[in-house]
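Thanks, everyone. Have the view open as I talk.

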Protein chains: 2
Amino acid sequence: MRQDSRNLYRGRVVTLNLETHQLPDGRQGQFEVIRHSGAAAALPILPDGRWVLVRQYRPAADGMVWEIPAGRLEPGEAPADCIVRELAEEIGYHPGRVEPLGLMHPALGYSDERLHLFVARELEPVPQALEEHEFLEVVPLPPTEALHLLAAGEVTDSKTQVALLLAAQRGLDRNE
Amino acid sequence: MRQDSRNLYRGRVVTLNLETHQLPDGRQGQFEVIRHSGAAAALPILPDGRWVLVRQYRPAADGMVWEIPAGRLEPGEAPADCIVRELAEEIGYHPGRVEPLGLMHPALGYSDERLHLFVARELEPVPQALEEHEFLEVVPLPPTEALHLLAAGEVTDSKTQVALLLAAQRGLDRNE
């Protein structure tokens, strides 16, 4: 239970607090907690069954990384609205349908980020509009190739791992 | 490519930098990046086939969360040594065998954390030694129950989702 919070840094993406919490046994502790606005991500499935991944430059990895499209929620924005907006901006598709796939806490040890996963279908091309400081390639792949990249250890991004594994578990690689 | 870095905060868990990176197309941008020492986590499999999960208090979730045992690497520590140490401290078992299960970046949008996933077997009871400010319950579960919790949306921690999904994909729920 949070009892006190002191802001250490407020930035564009990251708000860092030093918080005092009471543990369930009554002890108190101080914890560094990143407060994050939340995010949405989707596995986009093209009409021909291919999955749309991106190769994106990530400063934290100092290189290009395989990911599914994703973005941060704007203030008051619903996760499903966020991912519809992000799919247009990031990969240039408007989805006719988005279905929830799951919810994840990417880094619960120090961040309260909640990331909402979706599957996006009925994709129609629209103009792409990358944000400043984004650099990425849009790469549609047959599901078998995406799952092969995962099995080979080439996919290290947590939301992408979870989305691909859930999609495979639910048989989304076998149909449209 | 990182060109410059300014430290904003250096804490117990989190080191936050404001970094200047050159994108692959030559543009420059500033990014908030958490530099993290790395972590290790394991799915422990008991001799009777049950999986050992923990229910842990997490300030970032303001409550108890289902997780697999995990911890941060100490300076110079190998991931496999880290998880052997953490399994003793956190759940009171020494594994005779740890096998790599995968590598993940939990929150690549703002953190360089690399988390090494393992499967731990041949577990022998040893004294538990929780760290200060840790509060958790050790909960051995039949694999079907753990996978049911996941399917029901009760498991939201990313490393736990990935470990359970990979373990199910590799048939680790069906033997030991």
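Predicted model: local features only at pLDDT ≥ 70, side-chain atom pairs only at ≥ 80, totals over all residues.

Start with the pair. How is chain A laid on chain B? A turn of 180 degrees does it, with a shift of 0.0 Å along the axis.

Now the contact itself. How many residues does each chain put in? Chain A gives 48 residues, and chain B gives 48 residues. Look at the side of chain A that touches chain B. Strands β1 (2-10), β2 (15-22), β3 (28-35), β5 (51-58) and β8 (93-104) of chain A each supply at least two residues there, and so does helix α3 (158-169) of chain A. Which element gives the most? That is α3(A), with six residues. By class, this side of chain A has 25 nonpolar residues, 13 polar and ten charged.

Next, the sheet in chain A. Four strands make an open sheet in the order β7-β4-β9-β8, and the pairing is mixed. Which strands sit at the edges? They are β7 (70-72) and β8 of chain A, each pairing on one side only. From one strand to the next, the twist averages 25 degrees. Ten bridges tie β8(A) to strand β9 (residues 115-125) of chain A, and these two run antiparallel. To find one on screen, pick A:Gly102: its bridge partner in β9(A) is A:Leu117. Helix α3(A) packs on this sheet. It touches β4 (39-44), β7, β8 and β9 of chain A. Its direction makes about 95 degrees with that of β8(A). Recall that α3(A) also gives the most to the side that touches chain B.

Over to chain B. Here too, four strands form an open sheet with mixed pairing, in the order β7-β4-β9-β8. Its edge strands are β7 (70-72) and β8 (93-104) of chain B. In this sheet, let's look at a parallel pair. Six bridges join strand β4 (residues 39-44) of chain B to strand β9 (residues 115-125) of chain B, and those strands run parallel. In β9(B), B:Phe118 is the bridge partner of B:Ala42. Helix α1 (residues 79-91) of chain B packs on the sheet, touching β4, β7, β8 and β9 of chain B. Its direction makes about 125 degrees with that of β8(B).

Stay in chain B for one more helix. Which residues of α2 (residues 143-151) of chain B are buried? They are B:Pro143, B:Ala146 and B:Leu150. They cover an arc of only 65 degrees around the axis, so they lie on the same side of α2(B). What covers them includes β5 (51-58), β10 (136-141) and α3 (158-169) of chain B. After α2(B) comes B:Gly153, with a positive phi near 80 degrees.

A:Glu122 is not a glycine, yet it has a positive phi of about 55 degrees. It lies in strand β9 of chain A. Where is B:Asp62? It is in the loop between β5 and β6 (63-67) of chain B. B:Asp62 counts as partly exposed, with 14 C-beta neighbours inside 10 Å.

Note on methods:
Residues numbered from 1 in each chain as written. Chains lettered and ligands numbered in written order. Pairing = 2+ DSSP bridges. Contact = placed C-beta atoms within 7 Å. Axes fitted to C-alpha atoms, helices over the stretch in contact; angles between N-to-C directions. Nonpolar A, V, L, I, M, F, W, Y, C, P; charged D, E, K, R; others polar. Least-squares fit on C-alpha atoms with pLDDT ≥ 70 in both. Buried ≥ 20, exposed ≤ 12 C-beta atoms within 10 Å, placed from the backbone. Arc of directions from axis to C-beta.
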